[in-house]
Structures are given as C-alpha cells and as structure tokens.
Amino acid sequence: MDSLELPKRIFTLGEEPFPNKRIAYHTYDSKLFSAVRDALHDDEYEELKESRLGVFLKFKEMDFGWASRLVHYMLCFQLNIKKKYELWSLVGANPVRFSLIEFEQLTSLNCEYIEHLENPRCEVTNEMASFWERIGVSVEAGPSSEKIIRALKRCQEWSRDDRMRLGYLAIFFGFIEGRKYSSATRASLARLVMDLERFENYPWGRVAFKVLMDSLRAKDFTKSYTVDGFIQVLQVWIYHALPELGANYGNPLPNRPSPPLLAFKGGKGRKYFKDSISRHTRVINYVERNIEEMFPKWDNDREDVTVENIIQVMFNAPPNWKWTMNCWEDEGIYQWTNPKTHVVYVKEESSAKSLVVREEDMERPSKRARIEDIPDYPSGAIPDARSEASIPVSGVDKAYIEKCFKDLTDVMRDGFGMCLKEMKLLGNRMDVVEKKLGITGKESSSHDLQQTTSSLPKRRLEHGSESVNGAKARQDEERNSSKALSVEVKEKEVKEGKEKLKEKELKEKANKGLEKALAKAKEAKANEAKANEAKANEAKANEAKAKEAKAKEAKAKEAKAKEAKAKEKEAKAKEKEAKAKERRLKPRKRRLKPREKRLKPKKRRPRKGRKRRPRKRRKRRPNWPQRTGSERPNWRKRPKPKRLLIKPKNPMRVLLKLVLS
C-alpha cells in the first residue's frame, strides 16, 4: 500500500462542510420553456421533442425534484485530482467516478471528440444577419434568455425553420449553457443553428459536460455557491451509483425508461443524507469499458498517476478483493471548522464576565449564533444564587447545576471504587508472587498495602464474634471478586490480543492484495509497452515495405513510359516511310490549260507597299413614300436643282483687273 500512490481527500474525514443554503442554478427555466411550448405548433414541438436534444424537454416535463443537500455532500466527499474533466468521490471506502463516459450513458447525447469544440467555423450569411436582426441581437453577439422569450412571443408569422431555430436556441441556453437570465450565449456556438441538421448532430453532450465541470472546479464548497450548466445530472448519477439510495429516495419510475436520465423523478433533500450516503456498501464505481477507452480525450487536460492507479487496481484486483478505510488517508488538504458558535456571557458576583462557548449542532446550520447577556444589576443588588433558585445563570437553573454536581460525585465515587478494587487485585497477585519466590520474612506485605489504601481504619474484633465471622465472609467475597476480576481482565486481554491479531491479518491481506494488484498493474503496463513496441516495429516494417512497393511501382511506370515513347517513335518513323512511299508511287498532276486557269483563278494577295483603292459607293434611292400608278415618280427623271445665275466673284481676279486697268 505504501508503494501505491492514491489521491487524498479534499476535506478531512468527518469535517466536511455542511450546506449553508441551497445550491443555486440557472437551468430548468419555466418561463423560457413555457414560451417555447406556446410558440411552436404541435407537430413542430413533437419533432423538437423527438430530436437528439429532445431529452432535455422530456426531463423538463417530469418535474424533477432537486436535492441540493445530497449533491453538496457528494461534492464534499471528493478526492483531490489533477484532471480537469473528471470527478472522484469516496462513498465510505469505495471510490466513485463521474466523467464524460458516465454523462454520455445517462443522457445519450453526442459526446464525440472534435477539434475547436467551442469555436467551430461558421460563415456569416445574409440569412443569418436577417434572423439575428429579427431576434434583436447583433451578429457578433449571442442572444440571451430575455431576447429569446421576446422573439418567441412574436414568431407566429415567421417561417417554420425560424421557429425551430428558436426552439433549439432555448434548449441550448436553458440546459447546455445554463447561465444567468440576462447573460448572452456564445455567438460562435449559437450561429450553428442556421443549419438545423448540423446543430442537431453537433457534440452538445461534450459541450454541456465541459461547462458543468469548469463551473464546479471554480467553486468554494464552504460558502453558498451557484453552478452553471446542467447540474441535475449529478443527482441522477448519485442515484445510479448508489442503487439502494436511489431506490429509497430517488422515486424510481416503472419500466426503466430510456435514457437513464429519465429513470428517476427525484425528491427533496434530507437532513441526514451524509450518514445515509456513507452507510451504503453496494456501489457502482464507474461504467466499465476497455482499459484504452477509460480515459476520454480532451484538449489541454492534465495527467494524473493517482487516478490511473485507482483504475489499474480495480481492473487487476482479485474477485473477492474490496476497498477498506486503511487504503485512504483520513486527513484532507483543507480543514474546515464550524465558524458558528454559541457565545454566552455569565454575570458573576465579582462583577466579572466569564465567556462560555458552546458549539451548535452540526445538523442545524440554519440557526444563527446568539449572544445572550444577563442584565446588569446595580451595585449591592446582585441576587444570591443560594437563596434565589429561580434566577437562571447562563440559561441554567440551580436544580440543574445541583444535579450535575451529584452526577459528578457519583462518577468520582465509582472511579475511586474501581481504583481500590484494582489495587486489591494487584495485592493478591503480589501475595502469589511472594509465595512462589518463598519470601515470608517481610512484614510489609500486600495486605499492609490494602490496609493503607482503605479509607477507614479497621477495628480489632474478638475471636468468635459475629462481626469477626462477617469480616471473614467479606474477605472471602473480596478474594472471590478479585479472582473474578482477574479472570475478566485476562479474558479481555485475550480478546484484545485476538482482535489485534485479526486486524494485523486483515491489514496484511489487504497489503498483499494491493501488492498483487500493483504487480499485475506493472505487468500489464510492461505488456502494454511491449505490445506498443511491437506495433511500432510492425508499423515501421509496413512503412518500409510500402516505400519499397512505391519505388518499384515508380520504376515500372518509368519503364512503361520509356517503352511507350519508343513505340511512338517507331510508329512515327513508319508513318513517314509510308508517306514517302505514297509520294513516290503517286502520279504527277497534269498542268491546267489556260481556260481551266480562268475558271479557277488564284487569290492574289495585295502587295505590301500598295494600298487598295476605296470602292465608290452607290447612291441610295430616296426613301419616298410608296405610291401607285402615275403618282409614283420616276427617280431617274428627277429634275436637277437649278444653278445660281450669279456666280460669286473671285477676289483675285477683281484685284488683277483693277491693277491692269
């Protein structure tokens, strides 16, 4: 056991903090889901209820009874582990685990591993922007519960897909996120609702479990606290892990409905849940799977050897082996003491105040500590406690004090009587030892010791009197009683020795069982390491073979390509030879006669330096209106326009005439 490292408790055994108030939570919002029921049509609500996320709606319709005290004590029984997304609690001496595997079995939600779980890729489209604008939220932020309720009240004229999107958003906010009424959801996850099929098949079980565990890791259980996420699943997990407690307090439903989340109706908390939890011996430690699947994959999770040791011991333990309290340390990391004490000031005759402190009952945390003071009396007017028994002193009467003193004297008298009997018994033993050793000359024997221990001196009595006979009878009775006491003491010693031997044997058996389990765990680890090495070697050999096969294939392809190129070259050469033969064997074309040349003139190209002359365009006919008969004019006989009779004079000629004249 010393060589096996196991996790410690968070709180010391027996000093777990009691719940100050109920555990607050934000799920199970009645306003939100009543708005969903009123907004959706019957067929739409049934479709939403039968989807993969419909288990939350079925759970809401059950009216599950919340037991805050039960969940609080189970959280206070936790072990201190390093893993972020796992929880181990001690029920008596048995460890119980709550992980993603148990969450998946209870809820039957999709808990697959994907990368970028909380930041999936989602493009912002015009449809998304318009839908977000209808809700009254910007695209960069997610809607709150208040916004969703307002949108559900005015969505009667919206399309069917938009109403279903609002229903999915209500489930996402009300159970998966489980945050405050006015806080907004994460926009990166809320945007997925635009694709209804993708939203339904997304691993929301992993998201809901992560939200719950992140919230629990940051809480201080010694104070009142609020938990985000689907906290009710912890209560259902306790009912399944402790079957007797679930049958007695969980109100199980008949026919075992599926998923197991719907198998219990729950109930209110009890004052003595702590004792009832620790009394249960039948415990389901975890959901059994293969050793490789016992640790779900998480990003940025921490490794913890102590948790692996717990699972390895339970996997490799013999069939009749059980956990004992000796396997776990009683001391925890945090020591909690009850801060609520009852403080009373008592007024004495010397006008001094003595402080009396009494611890309150641990099972009554709701009562507050009170400070009670006796009223100050004026000087000389302090009542005497002997004469006035009706005046209470620190809330206690005189009769009660006298009774306490009487009980105290009785206990002291009984104790002194037991001491005298033990001393007499020791004196008798001394007599036996002296007789065996032959010591007879000593005057101070064990009887002298008995005489000194007696409270009253013995009177000398005459021989033959009744008192002497009575004294002898008393001595005989005392001797017989001393013998009986010695026998009882010996029997007690023998019993204690047997019990100690049994405890030692049990401890040795437990240590041997743990050592065997540890040895088996080490062997299993060694075998796993060997198997991993063999797998790695096989993988390397397979990779080498694959590389060789690829190289051979590449060489074969190159050879085939070369052969194809050679064949192409040969085919081209043959084609050339065939064409040359055809040219040789073909008859020459005869020359055309000049008449045939005229029939088939060749197209002449224009010379480079010479430009073509532009063709003269024909004059278009005037677009006259259509006329018939003699009305239609003949455009060929159209009269020419009259020329001007006076020609304009040339100014140069006029100047020449002037000069010559």
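Analyst: A residue counts as buried under 20% relative accessible area, exposed over 50%, and partly exposed in between, with a 1.4 Å probe and protein chains only as cover. This is a predicted model, in which local features need pLDDT of at least 70 and side-chain atom pairs count only at pLDDT 80 or more, whereas totals for chains, interfaces and linings use all residues. Residues are numbered from 1 along each chain as its sequence is written, and side-chain values use heavy atoms, with hydrogens and water left out.

User: How many salt bridges are there by this rule?

Analyst: A salt bridge is a side-chain nitrogen of Lys or Arg within 4 Å of a carboxyl oxygen of Asp or Glu, and by that rule the count here is 17. One of them joins Arg163 to Glu44, whose closest N and O atoms are 2.8 Å apart. Arg163 belongs to helix α8 (residues 160-177) and Glu44 to helix α2 (residues 42-49), so this pair ties together parts that are 119 residues apart in sequence; helices here are DSSP runs of H or I with at least four residues, numbered from the N terminus. Arg163 and Glu44 are both buried.

User: Which helices do Asp162 and Arg134 link, and is each of them buried or partly exposed?

Analyst: The side chains of Asp162 and Arg134 meet in a salt bridge at 2.9 Å, N to O. Asp162 sits in helix α8 and Arg134 in helix α6 (residues 126-135), so that distant parts of the chain, 28 residues apart, are linked. Asp162 counts as buried at 10% relative accessibility, whereas Arg134, at 39%, counts as partly exposed.

User: Where do Lys210 and Asp214 lie?

Analyst: Lys210 and Asp214 are four residues apart in helix α11 (residues 204-217), which means that about one helical turn separates them. Their side chains form a salt bridge of 3.1 Å, N to O. Lys210 is buried at a relative accessible area of 15%, and Asp214 is partly exposed at 35%. Both take part in a network of salt bridges that also links Glu118, Glu177, Arg179 and Arg186.

User: How many cavities does the structure hold, and which residues line the largest cavity?

Analyst: Rolling a probe the size of a water molecule over the atoms shows where empty space is left. A cavity is a set of points on a 1 Å grid where a 1.4 Å probe fits but cannot get out, and lining residues have an atom within 4 Å of a point. The structure holds three cavities of 30 Å³ or more, and the largest cavity contains about 70 Å³ of space, a volume being the space filled by probe spheres set on the points. Its lining includes Phe18, Pro19, Asn20, Lys21 and Arg22, together with His72, Phe221 and Tyr225 among others.

Conventions. On a 1 Å grid over the protein atoms alone, a cavity is a set of points where a 1.4 Å probe fits but cannot get out, and a pocket is an open set with protein on both sides within 12 Å along at least five of seven lines; lining residues have an atom within 4 Å of a point. Helices (H or I, at least four residues) and strands (E, at least two) are DSSP runs, numbered from the N terminus.
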